[in-house]
Amino acid sequence: MVAALKNPNVDFRHRNLLGIEGLSAEEISLLLDRSDHYAERNRIARTPGKTLSGRTVINLFFETSTRTRTSFQLAALRLGADVVNMAVEHSSIKKGETLLDTALTLNAMHPDVLVCRHPESGAVKLLSQKVECVVVNGGDGAHEHPTQALLDAVTIRRRKGRLQGLTVAICGDVMHSRVARSNIYLLHTMGARVRVIGPPTLVPGAMERFGVEVFHDMARGLKDADIVMMLRLQLERMQGSYVPSIREYFRFFGLDRQKLANAKPDALILHPGPMNRGVEIDSEVADDIGRSAIQEQVEMGVAVRMACLEVLTRNLPEPEDG
Amino acid sequence: MAGTGKHHGGKHHGGKHHGGERNGTVAYVNARLIDPASGMDEPGALVTCDGTIADLGPRLFSDAPPPSVEVVDCRGLILAPGLVDMRTQLREPGEEHKETIGTASAAASAGGISTMICLPNTDPVIDDVAGVEFVARRAREVKATKVFCYAAATVGLAGRELTEMGLLAETGALAFTDGTRAIADSRVMQRALNYARTFGLLIVQHPEDPALAENGVMNSGEMALRLGLRGIPRVAEVMTIERDLRLVEATGGRYHAAHLSTREAVEAIRRAKARELPVTCDTAPPYFTLNETAIGDYRTFARLSPPLRTEEDRDAIVEGLADGTIDAIASDHAPHDQDSKRVPFAQAEDGIVGLETLLPLSLALVHKDRLGMADLIGKLTCGPAGILGLGEGRLRKGAPADLALIDPDKPWRIDPDAFLSKSKNAPWENMPVQGLAMRTVVEGRVLHDRMT
């Protein structure tokens, strides 16, 4: 451990950030501490840092996303990196070929970091096997979204001072949510208690195998919760008969004042965005500055991505002048 | 080996694969003769002449074989009927970049298989007489292992209109199936069973409720949830089987459930057999060798249909084989090229190549004392042959000389890159196994030989 203090590189023992699963509490804490550092810096500094100067970061998004991509882009720019955004038209190219062909093409350009989002679970892992640079998972299918869980954790820790011992209720479409999975892994590792709430079509009983408590009733699930984490309901779930209608979903699983009253009086509300107001969350609750940390989550998003880029590139050889 | 015959080794490829020349007379001495159909399992000798078994038994050549014949000293190895693989996908016609009848035949004979029965899910679909004739002609042309085919149960595998079952059977189709698709519509299934009964023909079902399985890529449960992959619930299999059993009871048609993967399905067939319904079933090595954890980190080579299930299911499949509920083991050979597998898991094709690993993976059941040797060989020979009404899979005087000479203990490691199959999609890389086909003979022709 003494050696670890002398050499920052051994604090984080992974080449890539593909998921939260498998990270230790120490590694997560390192990322959260660095995020705190960048959060403070972002509030005062306006000139880019030099940590990633000479590095190239490519944002490769196979799924449309404005906020996550922008957040990664800003994070890289604020660390002094050169950033290229690539949005890959998913429909125009045969799916399977796109990923590995693109990976090989990009690899040949020698980027330092590849941030990738893909609609299929496991796709970012597959990509990481084909490239030599650092790969950061910007969300893969219904699998993981590690930077989202990290930014949620920073937000919680700044408001509550800790993660250990908190009761966190994750509500909504847990089954299809990469945000939920990454959060469950992170919160468990950091000693929080996790509940998941939603209808059995979206929160299957087998979720208990994740070590979470499963509730199908909002009032009971929210009882005495410290944190209420709402998930976005993809509107296409209506077609698959996962839920019969928006009206019915909002009535039983949408977060409003009445349901929120079951949680602790100072319970904090989180949402990964973008919100479906009137579907999973009522505007009155979402916009309550005292309760909702939704804007702060966005702010922390940039800080967390700076922390990830910094920590991951520590292990790369120094960039050289050409 | 004294020789009239010119023997082929295992390292040639199917397109150029012409098979061994027909021997005059060959005597296999010092063999352990196993013929599950007759219950024979004893030391002895066997002699083939002009493509048929001329004689066999424990006392044959007890002094010495006649001097003029070719003699193969089996060194105590097992001489059994050539294996009969009742479920393969050969990809010809239509997807010859994945496999051809020639390459499949080379792979099959390297695995001790002398007879393959292929699914009709080719392009075009084998749903008319010309398709059945094409397969037979191609098999003759490449002097392959014996190749029979199933014909589609419904036109274009679309699950609506029945095919010309009578005419197809006359041309050589052994039974009827929609291949890797379930015959989902209850009325179509009822008519298929009922109509096939006219000719005493068998309907083979891919037992999986398509609505429950829709877009699913692996077994439902904790593992699918962790990986964020859409699951196929275990109940999808037994539901279809139980519905079909009701229809079998109502129609009296003959029914075979392919590649069982769940405990409940085994139990359903076990109950049906206890009630003496005309029902049989098979499974494939992945289902008694692996469970869903083989998928690990999105390993597409472990994606197959039906999906790998839980350890409890795997155990139930072994139990079903041991107690006779499961009649046969098929390779479920499903060749795919790299482009079909090196993609995100949800986009990958289903299936594993199986011809060259059917025997060693099955022999593991014997090595682990779950099945007796003769019992296991029965599931690979007379079991499937009997279901399909074939005379193959037996050692009998006057029968075709289809033989597998098997070293049941020989240790080796599976190397998919060395497969003779055109496709290498298999999750067995580097897996240690025991048992190897040392020689494969089809109607007296030596198609594969590791004895020299």
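This is a short tour of a predicted model, stop by stop.

**Before you start.** Residues are numbered from 1 along each chain as its sequence is written, and chains are lettered from A in the order in which they are written.

**Stop 1: where the chains meet.** Show chains A and B. Here 26 residues of chain A are in contact with 16 residues of chain B (contact means heavy atoms within 4.5 Å). Together the two chains bury about 1700 Å², with 55% of it on carbon and sulfur atoms. Buried area is the accessible area (1.4 Å probe) that two parts lose on being put together, summed over both.

**Stop 2: across the interface.** Select A:Glu21 and B:Arg226. They form a salt bridge, with the closest N and O atoms 3.9 Å apart. The term means a side-chain nitrogen of Lys or Arg within 4 Å of a carboxyl oxygen of Asp or Glu. How many salt bridges are there between chain A and chain B? The count is three.

**Stop 3: inside chain B.** Select B:Arg234 and B:Asp313. Their side chains meet in a salt bridge, at 2.5 Å from N to O. B:Arg234 lies in the loop between β13 (231–232) and α7 (235–251) of chain B, and B:Asp313 in helix α10 (residues 311–322) of chain B, so the pair ties together parts that are 79 residues apart in sequence. Helices (H or I, at least four residues) and strands (E, at least two) are DSSP runs, numbered from the N terminus. Is B:Asp313 buried or exposed? At 0% relative accessibility, B:Asp313 counts as buried. Buried means under 20% relative accessible area, exposed over 50%, and partly exposed in between (1.4 Å probe, protein chains only).

Next, select B:Arg270 and B:Asp323. This salt bridge has its closest N and O atoms 2.8 Å apart. B:Arg270 is partly exposed at 30%, and B:Asp323 is partly exposed at 39%.

**Stop 4: a network in chain A.** Select A:Asp33, A:Asp36, A:Glu40, A:Arg157 and A:Arg158. A network of salt bridges links these residues.

**Stop 5: the cysteines.** Over all chains, the search finds zero disulfides (pairs of cysteine sulfur atoms within 2.5 Å). A:Cys116 is also buried, at 0% relative accessibility.

Technical notes: This is a predicted model: local features need pLDDT of at least 70, side-chain atom pairs count only at pLDDT 80 or more; totals for chains, interfaces and linings use all residues. Side-chain values use heavy atoms; hydrogens and water are left out.
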